[in-house]
Amino acid sequence: MIVVDKKKYKMAINEVAKEVHVQVHGLMREEDAEGYMIDLQDTINKVSKNEYTFVVDGTHQTPVPSKVVPQLEQTMQFYSSLGFKDILVVKPASKIAQVQIRNVLERINFTGTFIDKVQHSM
């Protein structure tokens, strides 16, 4: 069930698979980030986090400028702190974006899993 459907991102709750899906399209700008965080809080407050897996679908994410990498790092760190049972990050189609995310995940000691593709789509 899609709970948020905006131009830059989508959020969905799959109650059967016990997953919360977040998908970002293109480059997230600073002005998009505030609404994203509000929608994210609303979405994750609808589920019991310790029973759900958080799926970050980066398939359509584009490479970020190097000055934005620290924000990407903060975002991934934030996802890790949410208290979900597990976190899955789906690799972007872009090889450059893949490397950026992999490097960020290594720096923050990410405890989730970096996967090739999502099993259940939105």
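Mentor: Buried means under 20% relative accessible area. Keep that cut-off in hand. This is a predicted model.

Trainee: Why is Gln-61 called buried?

Mentor: Its relative accessibility is 12%. The limit is under 20%, so Gln-61 counts as buried.

Trainee: Where does Gln-61 lie, and which residues is Gln-61 in contact with, leaving aside neighbours within four places in sequence?

Mentor: Gln-61 sits in the loop between β4 (53–57) and α2 (69–80). Its contacts beyond those neighbours are Val-24, Gly-26, Leu-72, Pro-92, Ser-94, Ala-97 and Ile-101. Contact here means heavy atoms within 4.5 Å.

Trainee: On to charges. How many salt bridges does the structure hold?

Mentor: Six. One of them joins Lys-6 and Asp-39.

Trainee: What makes the pair Lys-6 and Asp-39 a salt bridge?

Mentor: The N to O distance is 2.7 Å. The criterion is within 4 Å, so the pair qualifies. The two residues also link distant parts of the chain, 33 residues apart. Lys-6 is in the loop between β1 (2–5) and β2 (9–14), and Asp-39 is in helix α1 (residues 30–44).

Trainee: Are Lys-6 and Asp-39 buried, exposed or partly exposed?

Mentor: Lys-6 has a relative accessible area of 42%. That falls between the 20% and 50% limits, so Lys-6 is partly exposed. Asp-39 has 11%, so Asp-39 counts as buried.

Trainee: What makes Lys-91 and Asp-116 a salt bridge?

Mentor: Their closest N and O atoms are 3.0 Å apart. The limit is within 4 Å, so the pair is a salt bridge. This pair links distant parts of the chain too, 25 residues apart. Lys-91 lies in the loop between β5 (86–90) and α3 (95–107), and Asp-116 in the segment after β6 (113–115).

Trainee: Why is Asp-116 called exposed?

Mentor: Its relative accessibility is 59%. Lys-91, at 23%, is partly exposed.

Trainee: And how do you know that Lys-10 forms a salt bridge with Asp-5?

Mentor: The closest N and O atoms are 3.5 Å apart. That is within 4 Å, so the pair counts. Lys-10 is partly exposed at 22%, and Asp-5 is exposed at 53%.

Trainee: Now the strands. How do you know that β1 and β2 pair?

Mentor: Three bridges join them. Pairing needs at least two, so β1 and β2 count as paired. The strands run antiparallel, and they form a hairpin with three residues between them. Val-4 stands opposite Met-11 in β2.

Trainee: What makes β2 and β3 a pair?

Mentor: Six bridges, in the antiparallel sense. The requirement is at least two, so this pair qualifies as well. Ala-12 has His-21 in β3 as its bridge partner. Four residues separate β2 and β3 in their hairpin, and Lys-18 in the turn has a positive phi of about 55°.

Trainee: Last, the largest pocket. What is the space in it, and which residues are closest to its centre?

Mentor: About 530 Å³. Of its 21 lining residues, Met-28, Val-68, Gln-71, Leu-72 and Thr-75 are closest to the centre.

Trainee: Which element gives the largest share of the lining of the largest pocket, and what is the lining by class?

Mentor: The largest share comes from α2, with seven residues. By class, the lining has 14 nonpolar, five polar and two charged residues.

How values were computed: Residues are numbered from 1 along each chain as its sequence is written. This is a predicted model: local features need pLDDT of at least 70, side-chain atom pairs count only at pLDDT 80 or more; totals for chains, interfaces and linings use all residues. Side-chain values use heavy atoms; hydrogens and water are left out. Buried means under 20% relative accessible area, exposed over 50%, partly exposed in between (1.4 Å probe, protein chains only). A salt bridge is a side-chain nitrogen of Lys or Arg within 4 Å of a carboxyl oxygen of Asp or Glu. On a 1 Å grid over the protein atoms alone, a cavity is a set of points where a 1.4 Å probe fits but cannot get out, and a pocket is an open set with protein on both sides within 12 Å along at least five of seven lines; lining residues have an atom within 4 Å of a point. Grid points are joined across faces, edges and corners, and a volume is the space filled by probe spheres set on the points. Ala, Val, Leu, Ile, Met, Phe, Trp, Tyr, Cys and Pro count as nonpolar, Asp, Glu, Lys and Arg as charged, and the others, Gly among them, as polar.
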